[in-house]
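This briefing covers a cavity, a pocket, a helix and some salt bridges. Look at the structure first, then read the points by topic.

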Amino acid sequence: MFVLKSASPRRKQILSDLGFTFQIEPEHIDESQRENETPLQYLERMVHSKLGSDLRPNYVYLSADTIVVYENQIQHKPTDEADAFRILNTLNGKKHSVYSGAALRKETKTEFFFEETSILFHQWNESQIRNYINRCLPFDKAGSYGIQDTEGPVKEWFGSYTNVMGFPLRSFFSHHELWIGSWLEAITRKD
């Protein structure tokens with residue numbers, strides 16, 4: 001059995017598109033950043049924390065998290081509309097990085113991996129930023145935006161598109177030995 005330890009609709013869609021059958025069992029944790037914790041230390045801690053401790057044998061677990069980093073500072077999910085504006089204005093017309101990390105656990109083996117994608121934002125005026133916030137309501141997204149949003153702030157990206165959506169797909173494929181059995185089982189059941 002494959003278990004996704006995330007409530008992200010984007011991760012759910014990506015796995016469904018790949019043909020996985022899975023249960024969703026998000027772990028609710030404190031996502032506060034610790035003092036002097038680097039972005040990548042935070043990312044790895046969040047991913048491992050989201051795995052939780054109540055893990056059943058013969059199951060494959062996947063947890064993931066995504067952070068937006070500008071000048072070595074994490075731009076977390078916005079707390080409200082004003083915070084979303086502050087974050088988008090900070091990133092406005094500039095380059096930043098998106099890191100998505102994940103952990104796969106099967107039996108006693110846990111593999112952590114992550115990918116980085118570089119993003120360049122359009123240069124927007126205040127009205128364009130506010131219009132985007134009102135239209136797309138990016139309050140559940142790291143950095144207050146989604147790469148998939150129509151007429152969104154992303155001008156260019158360098159790296160993986162799905163990584164920015166919240167899933168390091170390329171690295172996930174490279175760890176196929178942990179999940180291939182669950183995937184083949186799901187495909188066989190559908191036939």
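The largest cavity holds about 60 Å³ of space. This is a predicted model, in which local features need pLDDT of at least 70 and side-chain atom pairs count only at pLDDT 80 or more, while totals for chains, interfaces and linings use all residues. Residues are numbered from 1 along each chain as its sequence is written, and side-chain values use heavy atoms, with hydrogens and water left out.

**Cavity**

- A cavity is a set of points, on a 1 Å grid over the protein atoms alone, where a 1.4 Å probe fits but cannot get out; lining residues have an atom within 4 Å of a point.
- Grid points are joined across faces, edges and corners, and a volume is the space filled by probe spheres set on the points.
- The whole structure has one cavity of 30 Å³ or more.
- The lining of the largest cavity consists of Met 1, Phe 2, Thr 21, Ser 182, Glu 185, Ala 186 and Arg 189.
- Helix α7 (residues 176-190) gives the most to this lining, with four residues; helices (H or I, at least four residues) and strands (E, at least two) are DSSP runs, numbered from the N terminus.
- Three residues of the cavity lining are nonpolar, two are polar and two are charged.
- Here Ala, Val, Leu, Ile, Met, Phe, Trp, Tyr, Cys and Pro count as nonpolar, Asp, Glu, Lys and Arg as charged, and the others, Gly among them, as polar.

**Pocket**

- A pocket is an open set of points with protein on both sides within 12 Å along at least five of seven lines.
- The largest pocket contains about 510 Å³ of space.
- Its lining has 28 residues, and Ser 8, Arg 11, Lys 50, Lys 77 and Asp 140 lie nearest the centre of the pocket.
- At least two lining residues come from each of α1, β3 (60-70) and α5 (161-165).
- By type, the pocket lining has eleven nonpolar, seven polar and ten charged residues.

**Salt bridges**

- The whole structure has ten salt bridges, each a side-chain nitrogen of Lys or Arg within 4 Å of a carboxyl oxygen of Asp or Glu.
- Asp 140 and Arg 10 form one of them, with their closest N and O atoms 3.4 Å apart.
- This pair links distant parts of the chain, 130 residues apart: Asp 140 is in the loop between α4 (126-136) and β7 (154-158), and Arg 10 is in helix α1 (residues 9-17).
- Asp 140 is partly exposed at 37% relative accessible area, whereas Arg 10 is buried at 16%; buried means under 20%, exposed over 50% and partly exposed in between (1.4 Å probe, protein chains only).
- Glu 126 and Arg 130 meet in another salt bridge (3.2 Å, N to O).
- Both Glu 126 and Arg 130 lie in helix α4, four residues apart, which is about one turn of the helix.

**Helix α2**

- Helix α2 (residues 39-51) has 13 residues and spans 19 Å from its first C-alpha to its last, close to the 18 Å expected at 1.5 Å a residue.
- The expected span is 1.5 Å times one less than the number of residues.
- The buried residues of α2 are Pro 39, Tyr 42, Leu 43, Arg 45, Met 46, Val 47, Lys 50 and Leu 51.
- Among the elements that cover these buried residues are β3, β4 (73-74), β5 (95-106) and β6 (109-121).

Terms used. Contact means heavy atoms within 4.5 Å.
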